Amino acid sequence: MASSSSTYRSSSSSDGGNPSDSAVTVDERKRKRMLSNRESARRSRMRKQKHVDDLTAQINQLSSDNRQILTSLTVTSELYMKIQAENSVLTAQMAELSTRLESLNEIVDLVTTTNGGGVDQIDGCGFDDRTAGINCDGYYDDMMTSGVNHWGGSVYTNQPIMANDINMY
């Protein structure tokens, strides 16, 4: 810069002008350039600060999104584990009920295959206890029901099937 300022002075002084005027002109240019540089630096600092502020806001937003995703993931994981436990219980119940059904089907097959002479035997005693107590007119008769449960057959035909040690609900 020193060479350019001396160049300005020499060109000004060669014009035949006052050497002090050329020095003022050079100083004025330096002052304007210095102000321009200061303003440019200020704008650069402002841009930099705005960029930092934008990045800080983005960090805050991403942190908030991250917390929300982690909360959602935790809730979903807990729900998955609950459903998985419920599924295990239901699978165990299904296995037990399938085994019981298979056993009952075997009993039904056994009773129907050992059926003597085509008589429909429900309780294995040689008579159909579903019709016990009903006379030939189709009405219920108390006199015909000795030893038979009045609520429809023998005591053993209407027993519920219950799963052992498993909470059904």
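Q: Let me start from the definition that helices are DSSP runs (H or I) of at least four residues, numbered from the N terminus. How many helices and strands does the protein chain have here?

A: Happy to start there! This is a predicted model, and its protein chain has 2 helices and 0 strands. Helix 2 covers residues 19–113.

Q: How should I read the contacts along the sequence, and what percentage of them join residues at least 24 apart?

A: Take the contacts between residues at least 6 apart in sequence; 37% of these join residues at least 24 apart.

Q: Now for salt bridges. How many does a search of the whole structure find?

A: The test is a side-chain nitrogen of Lys or Arg within 4 Å of a carboxyl oxygen of Asp or Glu. A search of the whole structure finds 5 salt bridges. One of them joins Arg-31 to Glu-28, with the closest N and O atoms 2.5 Å apart.

Q: Why are Arg-31 and Glu-28 separated by about one helical turn?

A: Look at their spacing: the two residues are 3 residues apart in helix 2, so about one helical turn separates Arg-31 from Glu-28.

Q: Which residue meets Glu-39 in a salt bridge at 3.9 Å, N to O?

A: That partner is Arg-43. Glu-39 and Arg-43 are 4 residues apart in helix 2, so they are separated by about one helical turn. Glu-39 is partly exposed at 30% relative accessible area, and Arg-43 is partly exposed at 41%. There is also a network of salt bridges here, linking Glu-39, Arg-42 and Arg-43.

Q: What does the side chain of Arg-100 meet in a salt bridge?

A: Arg-100 pairs with Glu-96, at 3.4 Å from N to O. Both residues lie in helix 2, 4 residues apart, which is about one turn of the helix. Arg-100 is partly exposed, with a relative accessible area of 26%.

Q: Last one: which residues form a positive surface patch?

A: To join such a patch, a residue needs over 30% relative accessible area and no salt bridge. Here the members are Arg-29, Lys-30, Lys-32 and Arg-33. Take Lys-30 as a worked case: this residue lies in helix 2, and its relative accessible area of 42% makes it partly exposed. Arg-31, by contrast, is in a salt bridge with Glu-28.

Note on methods: Residues numbered from 1 in each chain as written. Predicted model: local features only at pLDDT ≥ 70, side-chain atom pairs only at ≥ 80, totals over all residues. Heavy atoms only, no water. Patch = residues over 30% accessible without salt bridge, like charges linked within 9 Å, V, L, I, M, F, W, Y side chains within 5 Å. Areas by Shrake-Rupley, 256 points an atom, 1.4 Å probe, with all protein chains shown as cover. Lys, Arg positive; Asp, Glu negative; His and termini not counted. Charge placed at Lys NZ, Arg CZ, Asp CG, Glu CD. Buried < 20%, exposed > 50% of the residue type's maximum accessible area, 1.4 Å probe, protein only. Contact = heavy atoms within 4.5 Å.
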